[in-house]
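Subject: Structure handover

Hello,

Here is the structure for you to look over. My notes follow below it.

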Amino acid sequence: MTSLVFIRKLEYAASSNAGTRPLEDIFGNAIARILDFLIINEPFDYTLDEISQCIHIQIDILRKVIPVLTEKGLLEEIKKKGEGKNYKLNEKSDLARSLSQYVLTKINYELEREKSTRRIKAKAPAPSIKGN
């Protein structure tokens, strides 16, 4: 369960910053949210329950969507002894790599934009207090 805590921290970090759900921002659906999550957390694999808990999508929806994404080659199914099936982004898929490149580029762009905005605000002079 330690890994689930780590996963939740990653998901929380992803959801708390602007622009960290680039596909969901465009398409606004469960498939986009699933892909954003698995791209952002690419080195890891997850059970359906873990995905459901981390991105707040009902397990029934995941049971319908994940097999389709796997069939299309975007996700890879990993069978673990005694644990059932886990899923992760399919690193061998050209489409998955392209989506990943877009998501990560968009996140980096938003982070740089946020840093730039913070620098500008930090350099702005404090408002002066005028006495009568």
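K92 sits in the loop that runs between β2 (84-89) and α6 (94-123). Helices (H or I, at least four residues) and strands (E, at least two) are DSSP runs, numbered from the N terminus. K92 counts as exposed because its relative accessibility is 71%. The cut-offs are under 20% relative accessible area for buried, over 50% for exposed, and partly exposed in between (1.4 Å probe, protein chains only). G73 is 19 residues from K92 along the chain, and their C-alpha atoms are 8.6 Å apart.

A word on the source. This is a predicted model, where local features need pLDDT of at least 70, side-chain atom pairs count only at pLDDT 80 or more, and totals for chains, interfaces and linings use all residues. Residues are numbered from 1 along each chain as its sequence is written, and side-chain values use heavy atoms, with hydrogens and water left out.

Next, confidence. pLDDT is the predictor's confidence in each residue, from 0 to 100. The protein chain averages 84, and 79% of the residues score at least 70. Among its elements, α5 has the highest mean pLDDT (97) and helix α1 (residues 2-16) the lowest (47). Residues 5-9 have a pLDDT below 50, yet this stretch has seven contacts in the model beyond near neighbours in sequence. Contact means heavy atoms within 4.5 Å. Where pLDDT is low, the predicted coordinates should not be read in detail.

Now α3 and α4. Helix α3 (residues 30-40) packs on α4 at an angle of about 100°, and their axes are 11 Å apart. Axes are lines fitted to C-alpha atoms, for helices over the stretch in contact, and angles run from 0 to 180 degrees between N-to-C directions. The two helices are therefore roughly perpendicular. On that scale, under 35 degrees is roughly parallel, over 145 roughly antiparallel, 65 to 115 roughly perpendicular, and the rest oblique. From α3, R33, I34, F37 and L38 meet I51, C54 and I55 of α4. By class, this contact has six nonpolar, no polar and one charged residues. Ala, Val, Leu, Ile, Met, Phe, Trp, Tyr, Cys and Pro count as nonpolar, Asp, Glu, Lys and Arg as charged, and the others, Gly among them, as polar.

Helix α4 (residues 48-55) is mostly covered, with six of its eight residues buried. They are L48, E50, I51, S52, C54 and I55.

H56 has a positive phi of about 60° although it is not a glycine. Most residues other than glycine have a negative phi. H56 counts as exposed because its relative accessibility is 59%.

Last, the core. A nonpolar core is a set of buried Ala, Val, Leu, Ile, Met, Phe, Trp, Tyr and Cys residues joined through side-chain atoms within 4.5 Å. The largest one has 26 residues, of which I34, I51, L62 and I66 touch the most other members. α3, α4, α5, β2 and α6 each give two or more residues to this core. The largest share, six residues, comes from α3.

Leaving aside neighbours within four places in sequence, I34 contacts I55, I57, L62, V65, I66 and L69. V65 belongs to helix α5. V65 is buried because its relative accessible area is 14%. The C-alpha atoms of V65 and A30 are 8.3 Å apart, across 35 residues of chain.

Best wishes
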